[in-house]
Amino acid sequence: MDDVKRLLEGFADRAADGLPEADIEADVTRGRVALRRIKRRRRTTGVLCVAAASALVLVVGNQVKWWGSSNNVASTVATPQVASEASKPAAAPVTPRSKETISNFGAPVVELVANKQAWRSISCGLAPRGLTPETPIAVNRVVLSQPTMRTADTATKVVLQTAPEAITLSKVRVSQVSGKTFRIGTLNGRLTGQVQVASQWLLVELPTGTVEWSDDILQRFLASCSVN
């Protein structure tokens, strides 16, 4: 062990003899210069970092300010529009005139008015407003239509006729009022009602697609009629 130690010490002495003498002052000077350079680099890097951070804050701040101003502009533009919409008066509900009514489906409901005209063998105390009998009037048949719309299509007209027996109706509803038997249903796609008057039946076929007839109105119309 001692021999190995002496061998290593000799090797170290020979290696040290080949090195130049150390210049301590020069090493200290070089160390100070290097330290000053490091400090200057740190200061420069810090200034650049601060400048970059400031620029980033300015950019973000401008964007936030721009977005905020755009919201203000949008709100100032939208507010008068809302105010103008609110200032518009609400549309007044459409109310029918005193002699007209409107059904839930939008179609006008027929109005029955007093009738003082006899239609040969058929007489009715009530008649649909605006409809008059077409001439010549047959003995057992009366056709009511608008004077300005005379056509051959009976689907737009009210047809009254007498028959010795009741006609079969589809979807029929039967009621008895004041000793009269009323039958209301459908015939050839048209709302139809009939009532027994004395020994005959009075049949009334109503128009399609013009005005709305309810069962109650049709029954009132039939009840006002008589057969001579």
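What follows is a short exchange on salt bridges and surface charge.

Tutor: This is a predicted model, where local features need pLDDT of at least 70, side-chain atom pairs count only at pLDDT 80 or more, and totals for chains, interfaces and linings use all residues. Residues are numbered from 1 along each chain as its sequence is written, and side-chain values use heavy atoms, with hydrogens and water left out.

Student: How many salt bridges does a search of the whole structure find?

Tutor: A salt bridge is a side-chain nitrogen of Lys or Arg within 4 Å of a carboxyl oxygen of Asp or Glu. Searching the whole structure on that basis, the number of salt bridges is 4.

Student: Which residue meets R173 in a salt bridge?

Tutor: R173 lies in strand β8 (residues 170-177), and its partner is in helix α3 (residues 215-223), so the pair ties together parts 42 residues apart in sequence. Helices (H or I, at least four residues) and strands (E, at least two) are DSSP runs, numbered from the N terminus. The salt bridge has an N to O distance of 2.9 Å, and the partner is D215.

Student: Are R190 and E205 buried or exposed?

Tutor: Buried means under 20% relative accessible area, exposed over 50%, and partly exposed in between (1.4 Å probe, protein chains only). R190 in strand β10 (residues 190-197) and E205 in strand β11 (residues 200-205) are 15 residues apart. Their closest N and O atoms are 3.9 Å apart in a salt bridge. Both R190 and E205 are buried.

Student: What is the relative accessible area of R40?

Tutor: R40 lies in helix α2 (residues 24-87). R40 is partly exposed, and its relative accessible area is 44%.
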